Amino acid sequence: LKEQGVTVLERDDMDEAAITVLLRERKQAAVIRIPADFAEKYQALRPSPIELWSDSAADQQSKLRRIEQVLRTY
């Protein structure tokens, strides 16, 4: 994401409530939650789902589309 010009703010593991609060503050266009075993599964060529959280009513839709585009390309 960083290589594609997307600003990334890393945070400790967040539960659903914390993600919801963050998005309601509208300071972030989206939150991507990556499981702890992602790298292990990636190296083993096994699927590892990631979660993309966003507020569909947010005024940051162009940023969200950009994030989605980068994720799809990856």
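This is a predicted model: local features need pLDDT of at least 70, side-chain atom pairs count only at pLDDT 80 or more; totals for chains, interfaces and linings use all residues.
The largest pocket has a volume of about 1500 Å³. Its lining comprises 40 residues. Leu-1, Val-8, Leu-9, Ile-32 and Ile-34 lie nearest the pocket centre. By class, 22 of the lining residues are nonpolar, 7 are polar and 11 are charged. Four elements each supply at least two lining residues: α1 (16–24), β1 (30–33), α2 (38–43) and α3 (61–73). The largest share comes from α3, with 7 residues.

Strand β1 also holds Arg-33. A polar atom of the Arg-33 side chain lies 3.0 Å from the backbone oxygen of Met-14.

The structure holds 1 aromatic pair. The ring centres of Phe-38 and Tyr-42 are 5.9 Å apart and the ring planes meet at 20°, so the pair counts as stacked; the cut-off for stacking is under 30 degrees. Both residues belong to helix α2. Phe-38 and Tyr-42 are 4 residues apart, about one turn of the helix. Phe-38 is partly exposed, at a relative accessible area of 24%. Tyr-42 is likewise partly exposed, at 47%.

Terms used
Residues are numbered from 1 along each chain as its sequence is written. Side-chain values use heavy atoms; hydrogens and water are left out. On a 1 Å grid over the protein atoms alone, a cavity is a set of points where a 1.4 Å probe fits but cannot get out, and a pocket is an open set with protein on both sides within 12 Å along at least five of seven lines; lining residues have an atom within 4 Å of a point. Grid points are joined across faces, edges and corners, and a volume is the space filled by probe spheres set on the points. Ala, Val, Leu, Ile, Met, Phe, Trp, Tyr, Cys and Pro count as nonpolar, Asp, Glu, Lys and Arg as charged, and the others, Gly among them, as polar. A polar contact is a pair of N or O atoms within 3.5 Å; within protein, one must be able to donate a hydrogen and the other to accept it, and residues adjacent in sequence count only if both atoms are side-chain atoms. Rings of Phe, Tyr and Trp (its six-membered ring) pair if their centres lie within 6.5 Å; planes under 30 degrees apart count as stacked, over 60 as edge-to-face and the rest as tilted. Buried means under 20% relative accessible area, exposed over 50%, partly exposed in between (1.4 Å probe, protein chains only).
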